[in-house]
Structure formats: structure tokens, C-alpha cells
Amino acid sequence: MVGAVVLDVEEPIGVEERIGVGNAAQIPQQRGEQLLDAAVRYAEERHWDVCPGTWLEAAEGTERCSCEDAGCASPGAHPAGPDWAGRATGSGAAARRMWSEHPTASILLPTGRTFDAIEVPESAGFLALARMERMGLPLGPVTRTPDRRMYFFVLPGAAAQVDELVRKLGWRAAALDLVGRGGGHYVTGPPTRVGGRGVVQWARRPTHANRWLPEAAELISPLAYACARDAADARARLS
């Protein structure tokens, strides 16, 4: 179902910003909300499953991931064990108990349940957002991560459709660095901090208006176009 409704829920999560091409620097650091509070709100307001991941620990004057891997690729922001998906909960009370045990644990939002995500490079994501706004397309929440990736929330089932939808437009999803995230994957939820790189933020926050998520087919054309343009610009800079 695609559309917008107004529901009687609490104040929406996050900080809403209008975004144009290249406006990454205009999104302020979204501080203030504790991880526990955010996890509970995701479960109670959005009915998203949440799972606590790893966290950062002080060690010899610096911080390291609780997994104790010195070369951890996503310190403090990945699953804490192979059973992470089974531990995910949609209960606000259960989320409160889990984060009370580890208040600094990262927030993992499993995909393939109440939503899938389409992952693109950040530069392409901002270009696509501007294009979507001009086209008046329905949009769900969108996150941006410190490693310069963006995740567009769409209805479940998108991950299985992405390759074919992009192929029909004349491109290959892999060549565009456009990835569908469904069952078995996750999106890291704000305000999780990824080592010393920064905090996961909302590029487009969850609101009453975007409670109903779009179909992947509604967003794939501007996303693919933006990724293709971004890839072409990258090649031009190298030539």
C-alpha cells in the first residue's frame, strides 16, 4: 500500500531536513537521543524489529569494538553474534530490557521484515533525493552512514526485485553500486556511532507522512539514474 496517513503516535523520530544535491554538510549532527530511547521508539512507533549489536569500549586511551577484533571493519556497529536475527524484537518492553543491559549497544534494524532497503553511495543518494522531490515521488525514511552510504526504506520484497528492475532500465545493479538489502541483512539505526568515524543519521526521518513505505519500483529509476551519473563522474575524475 502506498500513500500517507496521519496516525496518533508520539513526536516523530529524528530531525527533518530538506536535502539537495551535495548537501551532506547541511545535515547537523543529530544528538541528544539515547540509544535505548531510540530503539524503544522504533519498536513502539514504527513497529520495526530491533536488535542490539556490538558497542564501543574504552581501551588504552582509545576505543575498540566489543568484539575485540583490532581490525574490526565496523567498530561498535555490527551483530554481536550469529544469532542476532533471532534476538531481534518488535516489543518496546523487550528492547528496553536489552539496551538496559548494554546502553551503548548499536541499533540493528533487520531488513526483510517490515521493510527492505536500497543501498546506494551517498553522493548518488542526495542526487536521487533531489530528483524524487521534484518528481513528487513517495518517500520512506532514509539513513546516511559515516562510510558515505545511504539506505532508502521500501516495502519488503525489494531486494529480490532490484536486479531485474535495474536491468529493465538498461543497467546492471552491481555496476551501479546499487544493492537491495532484504532477509538476513540489516540497516544500522540512528544514533549508532561507528567507531571514530561518526554517527548514523537520518537523511529523511521517520514521520507520520512516510509511515506507508513506497514500492521499490517507484524509486528505482531515479536511484539508478543517480548511481549511473555518479559512476560516470567518478570515471571522468580518474581519466
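Arg131 is placed over the face of Tyr225, 4.3 Å from the ring centre; a charge counts as sitting over a ring if NZ of Lys or CZ of Arg is within 6 Å of the ring centre and within 35 degrees of the ring normal. The model is predicted, with local features needing pLDDT of at least 70 and side-chain atom pairs pLDDT 80 or more, while totals for chains, interfaces and linings use all residues. Residues are numbered from 1 along each chain as its sequence is written, and side-chain values use heavy atoms, with hydrogens and water left out.

Eight aromatic pairs are present in the structure. Rings of Phe, Tyr and Trp (its six-membered ring) pair if their centres lie within 6.5 Å; planes under 30 degrees apart count as stacked, over 60 as edge-to-face and the rest as tilted. The pair of Tyr42 and Trp48 is tilted, at 5.6 Å centre to centre and 45° between the planes. Both of these residues, Tyr42 and Trp48, are buried (under 20% relative accessible area, 1.4 Å probe, protein chains only).

Phe115 and Phe153 form a stacked pair, because their ring centres are 4.4 Å apart and their planes are at 10°. Phe115 belongs to the loop between β4 (107–110) and β5 (116–121) and Phe153 to strand β7 (residues 149–154), so the pair ties together parts that are 38 residues apart in sequence. Strands (E, at least two residues) are DSSP runs, numbered from the N terminus. Phe115 and Phe153 are both buried. Tyr42, Trp48, Phe115, Phe153 and Trp202 are linked into a cluster by ring pairs.

Technical notes. Buried < 20%, exposed > 50% of the residue type's maximum accessible area, 1.4 Å probe, protein only. Helix = DSSP H or I, 4+ residues; strand = E, 2+ residues; numbered from the N terminus.
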